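Q: Please take me through this two-chain model feature by feature, giving the general idea and then the case at hand.

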Amino acid sequence: MNEAPVYSPPPRHWTAAFGAGLLVTLTRLVAGAQARWVGAAPASTQRVYFANHSSHLDALVLWAALPPGLRACTRPVAAGDYWDRPGLRGWIARNLLNAVLVDRSSARGGREALTRLSEALAEGASLILFPEGTRGDGITIGELKPGLYFVAKERPDLEVVPVYLQNLCRILPKGEILPVPLLGSSTFGPPIRLDPGEGRRAFLDRARNALIALGGQP
Amino acid sequence: MNVLWDQQIIALLSGIVGLLLLGSAVGLVLDRSVQTDSGRLVVANLNARVRAWWVMTAVFVAALATGGIGSVILFGLTSFIALREFITLTPTHRADHRTLFWAFFVFVPIQYYLVATHWYGLFVIFIPVYAFLFVPVRSVLAGDTQDFLARTAKIQWGLMVAVYCVSHAPALLMLQIPGYEGENAKLLLYLIVVVQLSDVLQYVFGKTLGRHKIVPKVSPNKTWEGTVGGIAAATLVGALLWWATPFSPWEAAGIALIVNLAGFAGGLCMSAIKRDRGIKDFGTLIEGHGGVMDRIDSLCFAAPLFFHMVRYSYT
């Protein structure tokens, strides 16, 4: 177990700082982005947040729901094939969200992705993970991919906070380009930790049940 | 249309500010004197409500001061947010996505465009006819038949109650009342004052005298004492404000009574929806009150009745 340093986000150009503020406001306007801290209080300790995934807005909404101080040191882990594009989307991912972009396409990508996560954790950043790996139908919560387990195993000292994102699948569902401005919310549940000797399957099931307990459907 | 800042509208506004000062003073006194924990919660909520009333009054008066267009925009935004809260709480399917997009970004702007341009003939049928027919057609094209009637009905309900009904309040500005030209802003102010005062007075009478619940299964806070006392008092105020309207004192009393009864019915129906969905408030936007829909539930039912009573009898 190794203690990570306090994360210092990379210095930002004023356009990025301004853009980040604008993005938070826009996200709130479009998706509501209310935060409900029911099982965890906002804290600046290093954490791993994991949430259900049903919309391209998910990472944005969870990030915008965090208090500003936490937002600066929390990095969403996002799919490179969607976010790592030339133009505005890539600029937002890199400069505003400070996202950890991972490749989920190739077989080799998996190992590389874990390396990226380890690096970000070693720098002291908190992470936002979507362990379902791909967007679901927005109703049921799918099986969780092992990435979350590897992160918890590498850093058993970290709090792993389940976050249930509600209504995002109705605001911008799979396959739609135009959002409908309903009120989304992020519910932060009680943190879990990897128990000593707990296996991969058992931990991932427990994590999935934590999301279900916050309002998801099995 | 420009607002005429005559003595009557100044008198109405002074009265509102006086009431708000009174509310703040009472809140301050109660805050100092309250002893129990549960009492403290009620007083904290009361003070939050009064603070929110100051803000709502300021926004409304600022909108009124711009003449017609500010009021139309304010009520348009109110409708948009109320529809947002309403649809968020009523489950719709994936197949309704595009229909909802139309509801928010096409039907709401068009309805308020019709209000702004005083196009009465289309304003009064646009949502009940055209939006009503369009909603199921757009949803059926998406090909999902599960809960089809319930889904379409919910969207139609949302449009009717949050958009169509609410738009009748700023639509008062389009009425041509002989001998009352250019003074319609007072009519809008009168409606809002009577409806909201009725809510406040029902709350005050209910909290102080309320014993016997009317429909405990729907709304545990609505009591006979609160409702009758609040409606009677608000009707009396409505009658005493006749000088700001084209009505005689007795007409003002009758109209205020109908408006208050409609407002009560609106609050009750919206409570039933909330209870069915298992929630207390539609939203969290207005501190102490809940969502926008919680604040305007009585206005939704009162505004169309008031509009048509005035239109049939005074134009």
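Q: Leaving aside its neighbours within four places in sequence, which residues is B:L191 in contact with?
A: Two residues are in contact if their C-beta atoms, placed from the backbone, lie within 7 Å. In this predicted model, and with neighbours up to four places away in sequence left aside, B:L191 is in contact with B:A169, B:L172, B:V259, B:A303 and B:F306.

Q: Which residues touch the most other members of the largest nonpolar core?
A: A nonpolar core is a set of buried Ala, Val, Leu, Ile, Met, Phe, Trp, Tyr and Cys residues joined through C-beta atoms within 7 Å, where buried requires 20 or more other C-beta atoms within 10 Å of a residue's own, exposed 12 or fewer, and partly exposed a count in between. The largest such core has 140 residues, of which A:V61, A:L62, A:L127, B:V166, B:L191, B:V194 and B:A303 touch the most other members. The element that gives the most to this core is α8(B), with 13 residues.

Q: Before going on, what conventions apply to the numbering and to the confidence limits?
A: Residues are numbered from 1 along each chain as its sequence is written, while chains are lettered from A and ligands numbered from 1 in the order in which they are written. As this is a predicted model, local features need pLDDT of at least 70 and side-chain atom pairs count only at pLDDT 80 or more, whereas totals for chains, interfaces and linings use all residues.

Q: How many helices and strands does chain B have?
A: Helices (H or I, at least four residues) and strands (E, at least two) are DSSP runs, numbered from the N terminus. By that assignment chain B has eleven helices and zero strands, and its radius of gyration, taken over C-alpha atoms, is 20 Å, close to the 20 Å that the globule rule (2.2 Å times the number of residues to the power 0.38) gives for 315 residues, so chain B is as compact as a globular protein of that length. Along the principal axes its C-alpha atoms fill a box of roughly 60 × 50 × 30 Å, and 43% of the 315 residues count as buried.

Q: How many helices and strands are there in chain A?
A: Chain A comes to nine helices and seven strands. Its radius of gyration is 16 Å, close to the 17 Å given by the globule rule for 218 residues, so chain A is as compact as a globular protein of that length. The C-alpha trace of chain A spans about 45 × 40 × 35 Å along its principal axes, and buried residues make up 44% of the chain.

Q: What does helix α9 of chain B pack against?
A: An α-helix has 3.6 residues a turn, so residues three or four places apart point the same way. The buried residues of α9(B), among them B:G226, B:T227, B:G230, B:I231 and B:A234, pack against α8 (184-209) and α10 (249-277) of chain B.

Q: Is B:I81 buried or exposed?
A: B:I81, in helix α3 (residues 68-89) of chain B, counts as buried because it has 21 C-beta neighbours inside 10 Å. Not counting residues up to four places away in sequence, B:I81 touches B:L285 and B:V292, and its C-alpha lies 8.6 Å from that of B:A162, a residue 81 places away in sequence.

Q: Where does A:N167 lie, and what is its phi?
A: A:N167 lies in the loop between β6 (159-166) and α8 (168-171) of chain A, and its phi is near 75 degrees, a positive value in a residue other than glycine. A:N167 is buried, with 22 other C-beta atoms within 10 Å.

Q: Where is confidence lowest in chain A?
A: Confidence is given per residue as pLDDT, on a scale from 0 to 100. Where pLDDT is low, the predicted coordinates should not be read in detail. In chain A confidence is lowest in helix α6 (residues 107-122), at a mean of 82, and highest in strand β2 (residues 47-51), at 95. For the complex, the predictor gives an ipTM of 0.86 and a pTM of 0.91.

How values were computed. pLDDT = per-residue confidence, 0-100.
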